[in-house]
Amino acid sequence: MTTVPESTETPRRPATAAGGAEQRDICLEHVHKRYGDQTVIGDLSLDIEQGRFYALLGPSGCGKTTTLRMIGGFELPTSGTVLLAGQDVTQLPPHKREVNTVFQSYALFPHLSVEKNVAFGLERRKVDKHETKRRVAEMLETVQLTHLAKRRPGQLSGGQAQRVALARALVNKPRALLLDEPLGALDLRLRRQLQDQLKAIQREIGITFVHVTHDQEEAMSMADTIAVMNGGAIEQQGSAEDLYERPETSFVANFLGTSNLVDVTPESGTLDHEFSRGTTVDREPVRYLTHRAEGYAGPIRIGVRPEKVRLYATDQEPPAGDNVLHGKVVQSTFLGVTLQYLVRTSGGLELNVVEPNLVGNSAGTFGAGQDVQVAWDARQTFVVEGGTAGA
Amino acid sequence: MSLSRRRRMLPWWFALPGLLWLIVFFAIPILNQVSVSLMSGDPEKGYELTWTFSTYWDAIRDYHAQFTRSFGYAGAATLIDFVIAFPLAYFIAYKAGRFKGLWLLLVILPFFVSQVMRTASWQLILNDQGWLVARMQDVGVVSDDGRFLATGKAVIFGISYNFLPFMVLPIYATLDRIDRRLIEAASDLYCSRWTAFRKVTLPLAVPGIFAGSLLVFIPACGDYINSSILGSSNTTMIGNVIQSKFLNVLDYPTAAALSFILMGVILLGIAIYGRVLGTKNLTELAG
């Protein structure tokens with residue numbers, strides 16, 4: 001895997017016609033999709049800027065593939081509008097849209113050689129023969145399959161077939177490439193390898209990629225923007241960092257990594273210009289950044305990532321300004337790189353703690369049954385929608 | 001016997017019943033008939049092996065008209081069946097939805113009745129005083145004073161009718177197996193529905209079309225029931241000749257020679273047909 005260029009520090013964005021201003025490439029406006037009386041997509045709107053690597057992430061059945069298929073033209077929305085480069089394409093069939101798709105099972109034509117598969121789109125558009133030949137050869141070079149040009153799809157491995165599917169779509173120089181779980185059928189090692197390759201190709205050619213996946217690590221490692229979908233709607237979208245550090249819903253907080261979620265009753269009046277205060281079910285005070293709770297009235301739910309939390313013995317003093325909860329270690333697991341603890345508070349809250357393995361012997365660790373203080377920097381506290389039941 | 005040796009022998013044990021079957025019911029009868037075809041003599045005194053190759057030349061000289069007619073009828077019936085079966089199979093595979101099973105049942109339902117019975121019923125339906133022939137005269141398929149029964153058309157019709165399911169089923173099976181996403185991929189790559197059909201569906205259906213054509217054409221070439229029930233002495237097919245040589249005239253050498261000529265011509269025809277459709281496609285897509 002050497003012909004793809006080294007990844008540069010900052011992703012290159014192609015200059016747009018507007019002279020650097022971000023341009024909307026794909027746009028869905030109030031899209032609904034119903035099958036009979038079952039709603040698959042309910043009022044979904046999204047904007048994808050040109051040159052972005054955009055991931056639709058969610059569990060199976062969340063509507064992410066349906067969304068992609070509506071962009072590709074394989075499904076018609078029940079209502080709403082699909083725009084490509086500002087043009088309404090809602091009613092256009094797939095062959096009249098300037099996007100190409102890499103299908104989940106690749107859907108390579110079994111009766112055609114690798115070469116012919118890649119040339120298929122160009123031949124349909126009556127591109128000049130020499131030009132077709134040149135572009136196919138170039139594309140096969142990019143995905144490093146030149147030596148397999150004469151093979152039939154049935155003679156390829158999964159990774160090779162995936163690259164043929166990619167080449168077959170990209171050779172048409174689409175405005176945007178749609179990828180439906182393109183790495184879903186591959187083993188883990190190959191997936192990681194192809195993720196890097198896919199990202200590098202996207203940077204090199206600079207077109208918009210819309211990537212559907214249920215693998216959060218895949219989405220985080222590749223995408224500029226991730227939209228987390230659940231139940232036919234986008235829960236939250238943003239960069240991997242946005243979603244991980246500042247999830248806005250319980251679903252996002254637990255779909256991307258894991259979170260400790262605690263229901264909190266806010267106390268009236270702000271503590272200072274920065275923080276607000278509330279109490280947990282254990283009647284312990286916690287603080288959180290005021291602006292993160294904006295727009296929420298009544299009970300809220302706060303969260304913190306397990307690796308942001310530290311444990312202290314009862315006779316130790318946690319850093320001033322930390323949120324501190326008290327509980328008992330229920331389980332302590334040594335995982336080599338990390339130590340993981342499950343702590344239960346008297347009010348029944350269960351908290352996960354992941355500590356780096358810095359000590360090197362069991363003296364500094366906590367065993368089951370030990371009373372501990374669970375502490376974290378109040379700035380690391382995020383606020384999700386007001387909760388009613390436990391996390 | 002060592003374990004590895006026994007392992008190596010295992011496939012042969014599995015093949016044994018089939019192999020025995022082939023030897024007893026195919027290889028031996030074929031060799032026997034080859035020797036019969038080279039015999040001379042007459043039904044009274046019996047036949048003995050005299051290596052009389054001239055039987056073959058005489059058979060071709062005397063019956064080339066029936067051969068030509070058989071291939072013509074069988075070819076026409078195959079073509080008609082293809083034209084009817086492809087859209088039908090396409091409909092069942094893609095549009096019949098939950099009624100697929102019912103449609104397939106309807107296709108094979110006529111097989112529950114014996115072929116002779118079915119053909120005899122057509123004889124009744126197609127008889128000269130019948131309603132159907134009158135209507136056909138109205139639209140001009142049959143001339144006003146003419147008849148349909150006892151013509152070549154009636155025989156071709158009968159063959160087409162009797163062998164239609166053999167064309168429908170293999171085409172249905174290949175169409176049904178085509179991954180729907182391939183059609184979507186074609187449409188993604190700038191194919192209209194018609195182009196997608198031409199460039200993807202049709203090439204992928206070739207193995208089914210090939211199988212269906214053989215299943216219709218081969219038995220149709222040797223068929224004698226349709227000609228004897230729906231035809232006349234002017235529509236005699238090679239199957240009728242072989243049947244009468246074997247069972248009525250008891251001229252076994254000529255009957256055997258005719259059978260081998262028929263077999264040879266069909267094998268040659270299949271080889272050419274397969275080459276035209278592309279054997280590479282057939283073997284690779286079948287897998």
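This is a predicted model: local features need pLDDT of at least 70, side-chain atom pairs count only at pLDDT 80 or more; totals for chains, interfaces and linings use all residues.
Reader: With which other strand does β3(A) pair in the parallel sense over five bridges?

Author: That partner is strand β8 (residues 208-213) of chain A, and within β8(A) it is V212(A) that is found opposite L56(A).

Reader: Is strand β3 (residues 53-57) of chain A mostly covered or mostly open?

Author: Strand β3 is mostly covered, five of its five residues being buried; F53(A), A55(A) and L57(A) point one way from the strand, whereas Y54(A) and L56(A) point the other way, and all are buried.

Reader: How is chain A divided into domains?

Author: The domain assignment gives domain 1 (22-247) and domain 2 (257-383), and the C-alpha centres of these two domains of chain A are 40 Å apart.

Reader: In what order do the five strands of the open sheet in chain A run?

Author: The order is β13-β12-β11-β14-β20, with antiparallel pairing. The edges are formed by β13 (285-289) and β20 (382-384) of chain A, each of which pairs on one side only, and neighbouring strands of this sheet are turned against each other by 50° on average, direction ignored. Within the sheet, β11 (residues 260-266) and β12 (residues 275-280) of chain A pair in the antiparallel sense over three bridges, and P266(A) has G278(A) of β12(A) opposite.

Terms used
Residues are numbered from 1 along each chain as its sequence is written. Chains are lettered from A and ligands numbered from 1 in the order in which they are written. Two strands pair if DSSP finds at least two bridges between them. Helices (H or I, at least four residues) and strands (E, at least two) are DSSP runs, numbered from the N terminus. Axes are lines fitted to C-alpha atoms, for helices over the stretch in contact, and angles run from 0 to 180 degrees between N-to-C directions. Domain bounds come from an automatic or database domain assignment. A residue is buried if 20 or more other C-beta atoms lie within 10 Å of its own, exposed if 12 or fewer, and partly exposed in between; C-beta atoms are placed from the backbone.
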